[in-house]
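Morning, everyone. Please have the viewer open, and follow along as I talk.

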Amino acid sequence: MSKVKQIEMKEIKEDKINLDDIKDELKNYIDKEIKSEYQNEITKINNKLVREKNKKIIFRNIIILILIIIIGFLIYLLYDNNYFSKILVKDNDIKEEVKTNTNNKEKEEIKEEDKEKKEEVKKTTLSELKEKYGKLIDNYYISDLSNYKEDYYNGNLTNELKSYMTLNKINFNDLEIDDNSNIISEEEFSEVYESLFNDQFVGTNFDYNNNKVRYLSKVSSFITEKVLIKDKNNIVREIINIEENGSIIKITCVEGKVINNILYNINSDEEIGSYNGDITNYKDKLNNVTYIFENSKLINLSK
């Protein structure tokens with residue numbers, strides 16, 4: 001082979017070797033560049049995300065700062081207008097009011113207790129009440145011979161019974177006598193009636209200890225069957241309780257019939273025992289009746 005040809009072959013071979021190196025170098029370079037570019041992009045993205053995050057954080061912080069400033073300004077305005085002082089004063093006033101109300105309530109309770117104690121101390125005795133109201137019942141009574149005694153002691157205050165008690169108060173000696181009868185004018189009778197009872201007088205026929213009394217409306221008078229006689233009243237009574245409530249007075253009595261010093265039940269005629277002047281010990285066996293008055297006039301009877 002010629003020398004020139006050998007040289008050319010050698011150069012070609014050397015060129016081949018150089019191309020491979022170049023290829024490798026190019027590949028390495030490309031890889032390096034790609035990685036570098038990728039890393040740069042990643043870095044850019046991260047930096048962008050960080051910047052966005054920082055913006056949000058800054059914006060949030062700015063909002064918080066603005067809110068703090070607003071709140072601080074509002075607090076300043078409230079303070080400047082003495083709002084907190086008013087609250088404290090109001091709270092103190094409420095506490096003071098509660099304390100005052102509590103103290104007042106306690107004082108009222110103490111006063112009420114003192115009042116009750118004083119009332120207990122000053123409570124009127126039965127003797128004092130008898131002295132004050134005992135005479136009210138003097139004008140209201142019935143004979144043990146009366147046909148109305150059961151009504152009386154059962155608390156049945158009928159018109160006939162009220163007429164009977166009205167006649168009890170009239171002085172028989174002053175009554176007109178005509179043909180062995182008494183004549184009583186309606187005017188006189190109604191005047192006595194209305195002094196004893198608080199309702200309006202109603203004329204009616206009634207019986208007075210087996211003496212018939214007729215009401216004659218045409219002549220506005222009462223006429224008796226025979227001359228009236230005051231029979232001896234065998235009924236005794238004793239006040240055992242008096243209740244006072246404004247204009248209402250209740251007087252409770254125990255009552256019995258006494259004949260020859262023997263005590264009897266008025267309605268049943270049952271013998272109770274010897275009469276020694278005190279019948280209160282026999283109140284469970286005798287007749288009990290409560291006289292109810294309003295403005296000193298009898299309004300009802302109660303068994």
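Predicted model: local features only at pLDDT ≥ 70, side-chain atom pairs only at ≥ 80, totals over all residues.

Residues are numbered from 1 along each chain as its sequence is written, and side-chain values use heavy atoms, with hydrogens and water left out.

Start with the open sheet. Five strands run in the order β1-β2-β5-β4-β3, with antiparallel pairing. Strands here are DSSP E runs of at least two residues, and helices are H or I runs of at least four, numbered from the N terminus. Two strands pair if DSSP finds at least two bridges between them. β1 (176-177) and β3 (206-207) stand at the edges with a single partner strand each, so one side of each has no neighbour in the sheet.

Now β7. How many of its 12 residues are buried? Nine, so to speak mostly covered; buried means under 20% relative accessible area, exposed over 50%, partly exposed in between (1.4 Å probe, protein chains only).

Last, the cores. A nonpolar core is a set of buried Ala, Val, Leu, Ile, Met, Phe, Trp, Tyr and Cys residues joined through side-chain atoms within 4.5 Å. The largest has 41 residues. M165 and F293 are among those touching the most other members. A second, separate core has six residues, including V254 and V258.
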